[in-house]
Amino acid sequence: MRKIIFLDIDGVLNSLEYFDQLKNTDQSKKIGKYQELDVEKVRLLAEIIASTGAEIVLSSTWRDIGRKEGQRDHPMYQYLVDTLDAFGLKIMAHTPYLDYDRPREIKEWLNRQEDKDIRFVSLDDDFTPEAYEKYGIEAHLVQTTFYGQNGGLQKVHVQKAINILND
């Protein structure tokens, strides 16, 4: 049985609270060009993968900045790859583009797989359970938020994702 995490980035691996904290830090201590990923959230993602053996399928609009045919990876996409790699994580695939309807894109990705024995979870802050329900996959959503004091991936989301993937 394959286990898949459909990964959104903004609102999962970062949050408004995180960006507000960045504004108040000494920019002279900034390492590298980008700071869009909260390493504490990446650490939580790594915890899910360590507990489940799941693979990452990128469902985020960040896949737009990935490699286009005949081109090198955009530096920001490479930053994502490198940050995940620092935690031993890899993106194994991307969902297809279907009018930026993430639940539909996830369902289509699943339909295209030869091996149908897949457990999956979607970490997503943009689409509601009702949007996922249209495709019969609402039970696989772990909904985060970009806003508020508990934005991005939280411990409660980690446990919920592990339960979905391992039960």
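## A walk through the predicted chain

The protein chain exposes about 9,000 Å², and carbon and sulfur atoms supply 49% of that area (accessible areas come from the Shrake-Rupley method with a 1.4 Å probe). This is a predicted model, where local features need pLDDT of at least 70, side-chain atom pairs count only at pLDDT 80 or more, and totals for chains, interfaces and linings use all residues. Residues are numbered from 1 along each chain as its sequence is written, and side-chain values use heavy atoms, with hydrogens and water left out.

Let's start with the overall layout. Six helices and five strands make up the secondary structure of the protein chain (DSSP runs, H or I of at least four residues for helices and E of at least two for strands, numbered from the N terminus). Along the sequence they follow the pattern β-α-α-β-α-β-α-β-α-β-α. The radius of gyration of the protein chain is 16 Å, close to the 15 Å that the globule rule gives for 167 residues, so the chain is as compact as a globular protein of that length (taken over C-alpha atoms; the rule is 2.2 Å times the number of residues to the power 0.38).

Now look inside. Of the 167 residues, 47% count as buried, meaning under 20% relative accessible area with a 1.4 Å probe, protein chains only.

Methods. Buried < 20%, exposed > 50% of the residue type's maximum accessible area, 1.4 Å probe, protein only.
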